[in-house]
Amino acid sequence: PYQFPEKLIPKMISNIFNNKELPIYAKGKNSREWIHVEDHCEALFRLYLKGKLGESYNIGSGKNLRNIDLVKKLLSMCKTINLKVGKKTKIKFVKDRPGHDFRYAINSNKIFKQLKWKAKIDINEGLTSTILWYLQNKEFLKRFSKKNYEKRLGLLT
């Protein structure tokens, strides 16, 4: 919920809602560590209450998923909740960005060991609730015009 519309999950959900292609870089083998926003906020609050001043902590779920698997999961979940998936809504592999990281992952053992915090929301539960949130808040996605967030700012004239 509330993630910027250009990011993978909201972009794929929006495209599913609007019967558009689902662009995935390269072959979708890029791997990401996924964490639900509520888990992330809970970790920040725990750090506020119990973290040691001057210490650094990584917040993560420890759950990695390839982009292709995530998008297939989103498609399957949309069908499960009886959301109509249009004929144009198909995965389309697109050229990867230069220098794009193949894998994003962190070691979050410190926050678990020292503060006894770990992510609680399962990826399936989190994705389902996120799809339902965007379904109930379609205006959120519409408020962002692509021309507004793709426009280059700060150019010297």
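Student: In this predicted model, which side chain meets Lys110 in a salt bridge?

Tutor: Side chains of opposite charge can pair when their charged atoms come close. For Lys110, the N to O distance in the salt bridge is 2.5 Å. The pair links distant parts of the chain, with Lys110 in helix α4 (residues 109–115) and its partner in the loop between α2 and β3 (64–66), 55 residues apart. That partner is Glu55.

Student: Okay, is Lys110 buried, partly exposed or exposed?

Tutor: Buried means under 20% relative accessible area, and exposed means over 50%. Lys110 has 28% relative accessibility, so Lys110 counts as partly exposed.

Student: How many residues apart in sequence are the parts that Lys92 and Glu21 tie together?

Tutor: These two side chains meet in a salt bridge, 3.7 Å from N to O. Lys92 lies in strand β4 (residues 91–94), while Glu21 is in the loop between α1 (8–17) and β1 (22–25). So the pair ties together parts whose separation in sequence is 71 residues.

Student: And how far apart are the closest N and O atoms of Arg66 and Asp69?

Tutor: Arg66 is partly exposed, at 34% relative accessible area, and Asp69 is partly exposed too, at 27%. The two form a salt bridge, and their closest N and O atoms are apart by 2.9 Å.

Terms used
Residues are numbered from 1 along each chain as its sequence is written. This is a predicted model: local features need pLDDT of at least 70, side-chain atom pairs count only at pLDDT 80 or more; totals for chains, interfaces and linings use all residues. Side-chain values use heavy atoms; hydrogens and water are left out. A salt bridge is a side-chain nitrogen of Lys or Arg within 4 Å of a carboxyl oxygen of Asp or Glu. Helices (H or I, at least four residues) and strands (E, at least two) are DSSP runs, numbered from the N terminus. Buried means under 20% relative accessible area, exposed over 50%, partly exposed in between (1.4 Å probe, protein chains only).
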